[in-house]
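Reader: I have a model on my screen and want to learn how to read it. Where do we begin?

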Amino acid sequence: MKIALDPYMVRHTPLLELPALVADLGYEYVELSPREDFLPFFLHPRADRDTVAAFKSALAAADVKLASVLPLYRWSGPDEEERQAAVRYWKRAIEITVELGCTVMNSEFNGRPEQASRSEAMFWRSMEELLPVFEREGVELRLEPHPDDFVEDGKTAVDMVRGINSPHVSFLYCAPHTFHQGGNLTEIMEYAGDLLTHVHVADSFDHRASSGLRYIVNPPGSTARVHQHLNIGQGEVDWDEFFGILGRLGFDGIMTACVFAWEDKARESNLFMLQEMTKRTASW
């Protein structure tokens, strides 16, 4: 199993200094999430050949390995022109991942929940173009449902992955999205079975609690999705259940610390998360 860091809270660290910072925090692996100077959110990658080579050298110098690359694009529409652009961005991101010597990418379904059927049609259209590229390049894709995507439910997301029907595509369970996925983490992870290859670790509160009044959002009826990415123990995810089911399943994939809530104390948070994940998986 690989324990990795999502370095989003320290994304303002210069790119070539990032691997040394990750190593200083004690992580052997990094999951490279979007940053403005490399793979920005929803836009074409910014990295050229020289930047990719320099970053690869910096990783090697710090003895840090790239566990995964996480791009995020609007590849599920519902706008066709934007979908086509997202596919182009994906192809360049795959090229960069291969140049970095990494064989894993992870992302979200994206799309719009209020246009779920159209978004799904766009998703399949994008997959028709991109799946042959993933398979040709030997890059695995791990997909997660996300709040406000056209796929939010965990078991539905597993079924979508099964429908892709490729050994190169599997399922990512994101713990801080537990209460938007259905709240039944054991059921979802057991349902995924061998398709569960990647987990994101951070805590969150159950927004459904107190008769749905845990968070009062105005105006009434707002479709806003509220969730957090907190340190383990600061929310309501059942961590004994989470790590217990992973142990019973023999999980041997990528486990990424993805806390976003504490940029003012990012070092302390990232150190704490590594300690907790290491301790809770030691018996495996």
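Reader: How many disulfides does a search of the whole structure find?

Author: Keep in mind that this is a predicted model. A disulfide is called when two cysteine sulfur atoms lie within 2.5 Å. Here the search of the whole structure gives zero.

Reader: Are Cys102 and Cys258 buried or exposed?

Author: Check the relative accessible area; under 20% counts as buried. Cys102 has 5%, so Cys102 is buried. Cys258 has 1%, so Cys258 is buried too.

Reader: Cys174 came up. Which strand β7 residue is its bridge partner?

Author: Bridges tell you which strands lie side by side. The partner of Cys174 in β7 is His200. Four bridges link β6 with β7 (residues 196-201), and these strands run parallel.

Reader: What joins β6 to strand β5?

Author: Three bridges do, and again the two run parallel. Strand β5 covers residues 140-144. Within this pairing, Leu143 is opposite Phe171 of β6.

Reader: Why is β6 described as largely enclosed by the rest of the structure?

Author: Count its buried residues. In β6 (residues 169-174), six of the six are buried, so the strand is largely enclosed.

Reader: Now zoom out. How many helices and strands does the protein have?

Author: It has 10 helices and eight strands. The radius of gyration is 18 Å, close to the 19 Å from the globule rule for 284 residues, so the protein is as compact as a globular protein of that length. Along the principal axes, the C-alpha atoms fill a box of roughly 55 × 45 × 40 Å.

Reader: What share of the residues is buried?

Author: Buried residues make up 52% of the 284.

Reader: What do the contacts say about residues 24 or more positions apart?

Author: Start with contacts at a separation of 6 or more; residues 24 or more positions apart account for 80% of them.

Definitions and conventions: Residues numbered from 1 in each chain as written. Predicted model: local features only at pLDDT ≥ 70, side-chain atom pairs only at ≥ 80, totals over all residues. Heavy atoms only, no water. Buried < 20%, exposed > 50% of the residue type's maximum accessible area, 1.4 Å probe, protein only. Pairing = 2+ DSSP bridges. Rg over C-alpha atoms; globule rule 2.2 N^0.38 Å. Contact = heavy atoms within 4.5 Å.
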